[in-house]
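Here is a short report for a first look at a protein model. Keep the structure open beside the text and find each element as it is named.

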Amino acid sequence: MSPDAGHGLHGHPRAWAEPGAPVLETRALVRDLGASDVLTRVLSGIDLVVREREFVALTGLSGSGKSTLLYLLGALDRPTSGKVLLDGVDIGKLDDDGRAKLRGEKLGFVFQFHFLLPEFTVAENVMLPMMRRGARSREDCARHAAEVLDALGLGELATRRPHQLSGGQQQRVSIARAVANDPRIILADEPTGNLDTRNGHIVMDVFARLVIERGITVVMVTHERSFAAGASRQLVMEDGRIVEDVDQRAGASPAP
Ligand SMILES: Nc1ncnc2c1ncn2[C@@H]1O[C@H](COP(=O)(O)OP(=O)(O)OP(=O)(O)O)[C@@H](O)[C@H]1O
Ligand SMILES: [Mg+2]
């Protein structure tokens, strides 16, 4: 199974909306990493605008800087120079608490290793970030967690523990957890990396639906071309720069 660019799991074209306002921007973004005497320039001046309702796949060889860029977009790190703007807010100007608050309000993270907490049920895992944010009562968190799990076809698994799920189910629960907090943006680092092709495409479809039906913005790092082809836009990184920026919405030609 290898869906064409812009097509979903069953080969139907995805109905990508026009992108909206900028939600993530970088300006001349530079990140140097390493000990002070052997600094490596990992990001070499990146200018990027990601808009509402875009599903961006970030690809490129190992070591090209994808995770470093994603961490900066997620306010998990600070630039060496240049700027990251999240909904217009310059994250370089925030302290640790300010960045943590911004993350809690605007962002959902999905990683290759899902970090579900083994001692809690599926429903509790999805509730925890909502409880931490403190904007809803416990009952409200439980109700919302159940809704989100149902929407992702996981309702029947709500009372199970993570070890009682398949890898694909675990990954979808971790997406449910990221989504439950109503983020504007989901950042995912190789969310399909541990999955077989079928489950990988299911996860891609879940992301595409979130973008199309709920207007969320997704930025997803992936090594897999067939997954990258299912996004609305593909960015290719090389040596700390973005060397290709491809519109993959309907009518656009498939990635080479
Ligand atoms: N703390 C660090 N100190 C020094 N160099 C680092 C550090 N973290 C990352 N790097 C280097 O920065 C470069 C980019 O790393 P990054 O993790 O962003 O790559 P990536 O594109 O996500 O790769 P992969 O596909 O393997 O995950 C690599 O060359 C890496 O060795
Ligand atoms: Mg990486």
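In β5, D90 is the bridge partner of L85. Strand β4 covers residues 81–86, and two bridges pair it with β5 in the antiparallel sense. Strands pair here if DSSP finds at least two bridges between them. Strands (E, at least two residues) and helices (H or I, at least four) are DSSP runs, numbered from the N terminus.

These strands belong to an open sheet of four, in the order β2-β1-β4-β5, with antiparallel pairing. β2 (40–51) and β5 (89–90) stand at the edges with a single partner strand each, so one side of each is left without a neighbour in the sheet.

The model is predicted: local features need pLDDT of at least 70, side-chain atom pairs count only at pLDDT 80 or more, and totals for chains, interfaces and linings use all residues. Residues are numbered from 1 along each chain as its sequence is written, while chains are lettered from A and ligands numbered from 1 in the order in which they are written.

## The hairpin of β1 and β2

Strand β1 spans residues 22–33 and runs antiparallel to β2, joined to it by nine bridges. One bridge pairs L24 with V50 in β2. Six residues lie between the two strands of this hairpin, and G34 takes a positive phi near 115°.

## The six-stranded sheet

Another open sheet has six strands, in the order β6-β7-β8-β3-β9-β10, and its pairing is mixed. Which strands stand at the edges? They are β6 (107–111) and β10 (241–247); each has a single partner strand, so one side of each is left without a neighbour in the sheet. From one strand to the next, the twist averages 15°. Axes are lines fitted to C-alpha atoms, for helices over the stretch in contact, and angles run from 0 to 180 degrees between N-to-C directions.

Strands β3 (residues 55–60) and β9 (residues 233–238) run parallel, joined by five bridges. G60 stands opposite M237 in β9. Helix α6 (residues 197–214) packs on the sheet, touching β3, β7 (185–189) and β8 (217–221). Its direction makes about 155° with that of β8. Contact means C-beta atoms, placed from the backbone, within 7 Å.

## Around ligand 1

The residues around ligand 1 include G34, G60 and K66. A residue counts as near if its C-beta atom, placed from the backbone, lies within 6 Å. Both β2 and α1 (66–73) supply at least two residues of this shell. α1 gives the most, with three residues.

The shell divides into two nonpolar, nine polar and one charged residue. Nonpolar means Ala, Val, Leu, Ile, Met, Phe, Trp, Tyr, Cys and Pro; charged means Asp, Glu, Lys and Arg; the others, Gly among them, are polar.

Technical notes: Contact = placed C-beta atoms within 7 Å.
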